[in-house]
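The sequence and structure come first.

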Amino acid sequence: MAHEIIHNESLNYQDYLVKIRAPEVVKRIKPGQFVVMLLHEKGERIPMSVRRTEGDAVVMYIRKVGKTTSTLIDKPVGDTIQHVIGPQGTPLKIEKYGTVVVATDSVCGHAWSYSAAKALKDAGNFVIDIQSFADKEETYPEWALNKDACNEHHLTTKDGSVGEKGHFIDLIKDWLKNGKKIDFILAGGELIKLKRLERVTKKFDVPNWVEAHQLMIDATGMCGVCRVFVDGEMKLTCIDGPFFDAHKLDFDSMINRYSTYANEEKVSLQQYKEQRGE
Ligand SMILES: Cc1cc2nc3c(=O)[nH]c(=O)nc-3n(C[C@H](O)[C@H](O)[C@H](O)COP(=O)(O)OP(=O)(O)OC[C@H]3O[C@@H](n4cnc5c(N)ncnc54)[C@H](O)[C@@H]3O)c2cc1C
Ligand code: FES
């Protein structure tokens, strides 16, 4: 069954809000789960977080990074893609923790954090949502932030050009140093930053789960590419994840594996641009 693109709008110079009809996914998806898209039968499978659902469509935030995401974003509204597979992965454990911080600094994180924050708030938690960006140019318009999904919202930029200056780690570190009570932290984004956050939350003994962002090929548990180590045990991020207890995750091996195909991806994007005369 082909899936229609019903909305495609830019959020900044590189990220796009895309809505695609996927009624079977919409019926079953829970916060924390993702989809895998295939533009055509011979295409690459691209995993994508789901921000929320709307009618029979999944709403996604997609960054144009390589060949497949560029091809998708260049498609006009009304065009179709071959498959939207899912929901994939294990849903987040949504329960009453108390004061919860949901913190993200990447397009994937800004996507999944909306439904996660909203579900945690609906479960009776006081949810503080922090969205970190590099600068004003990277920041999303106000309506596209997570403001209506949480109790308290913070926007930070690295250069302070909009919102508070710094990164979510700076805010969390200050709050914990000043004795603020935080019962649970859920974070996603740059792996190096998540590793640094884990050191902070460990020091202050705060439960902390993170999105273990890893390369995926089949996203069905068959290839093993997305493996990470949790408490010394191998786990597959496409099946057991993508969310894991940060205090048990082997960050170093995950960071090494993530950059394995960087050169091949660069060549593939270059070839796509050359074909388009860019
Ligand atoms: C669980 C999960 C959720 C994701 N959610 C989002 C999202 O909400 N928004 C978004 O823009 N992107 C998201 N991604 C990343 C997205 O899958 C990649 O950007 C996409 O596959 C890139 O394909 P490409 O051909 O355009 O680029 P490529 O040239 O193939 O790759 C460019 C870069 O994208 C990353 N990447 C490539 N392939 C994969 C892969 N199969 N799995 C993970 N990362 C990959 C790598 O960092 C790579 O350097 C998510 C990835 C995962 C695993
Ligand atoms: S992507 Fe192949 S096992 Fe997870």
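Lys27 has a relative accessible area of 61% and is therefore exposed, where exposed means over 50% relative accessible area, buried under 20%, and partly exposed in between (1.4 Å probe, protein chains only). This is a predicted model, in which local features need pLDDT of at least 70 and side-chain atom pairs count only at pLDDT 80 or more, while totals for chains, interfaces and linings use all residues. Residues are numbered from 1 along each chain as its sequence is written, chains are lettered from A and ligands numbered from 1 in the order in which they are written, and side-chain values use heavy atoms, with hydrogens and water left out.

**Salt bridges**

The side chain of Lys27 meets that of Glu24 in a salt bridge, at 2.9 Å from N to O. A salt bridge here is a side-chain nitrogen of Lys or Arg within 4 Å of a carboxyl oxygen of Asp or Glu. Both Glu24 and Lys27 belong to helix H1 (residues 23–28), where they are three residues apart, about one turn of the helix. Helices (H or I, at least four residues) and strands (E, at least two) are DSSP runs, numbered from the N terminus. Glu24 counts as partly exposed because its relative accessibility is 47%.

By this rule the count comes to 14 salt bridges.

In the pair of Glu54 and Arg52, Glu54 is partly exposed at 34% relative accessibility, and Arg52 is partly exposed at 29%. Asp122 and Lys118 both sit in helix H3 (residues 107–122), four residues apart, about one turn of the helix. Asp122 is exposed, with a relative accessible area of 58%, whereas Lys118, at 35%, is partly exposed. Glu4, Arg21 and Asp56 are joined into one network by salt bridges that share partners.

**Domains and their contact**

The chain divides into domain 1 (3–88) and domain 2 (99–258), with bounds that come from an automatic or database domain assignment. Their C-alpha centres lie 21 Å apart. Domain 1 gives 21 residues to the contact and domain 2 gives 28, contact meaning heavy atoms within 4.5 Å.

The size of an interface is often given as the accessible area lost when the parts come together. Domain 1 and domain 2 bury about 1900 Å² between them, and 59% of this lies on carbon and sulfur atoms. Buried area is the accessible area (1.4 Å probe) that two parts lose on being put together, summed over both. Polar contacts between the domains, by contrast, come to 10 residue pairs, both residues at pLDDT 80 or more. A polar contact is a pair of N or O atoms within 3.5 Å; within protein, one must be able to donate a hydrogen and the other to accept it, and residues adjacent in sequence count only if both atoms are side-chain atoms.

On the side of domain 1 that touches domain 2, the elements giving two or more residues are strand S2 (15–21), strand S3 (34–38), strand S4 (45–49) and strand S6 (57–63). The residues of this side divide into 10 nonpolar, five polar and six charged. Ala, Val, Leu, Ile, Met, Phe, Trp, Tyr, Cys and Pro count as nonpolar, Asp, Glu, Lys and Arg as charged, and the others, Gly among them, as polar.

Ser49 is found in strand S4 and counts as buried, at 11% relative accessibility. Leaving out residues up to four places away in sequence, Ser49 touches Phe34, Met60, Cys108, Ala111, Trp112 and Glu211.

**Backbone geometry**

Most residues other than glycine have a negative phi, and most peptide bonds are trans. Gly86 and Pro87 are joined by a cis peptide bond with omega about 0°, and Pro87 is placed in strand S8 (residues 83–88). The bond from Gly241 to Pro242 is also cis, with omega near 10°. Pro242 lies in the loop between strand S16 (233–236) and strand S17 (243–245).

Ala219, not a glycine, has a positive phi of about 60°. Ala219 lies in the loop between strand S14 (208–211) and strand S15 (227–230) and is buried, at 2% relative accessibility. Asp231 likewise has a positive phi, of about 55°. Asp231 is in the loop between S15 and S16 and is exposed, at 57% relative accessibility.
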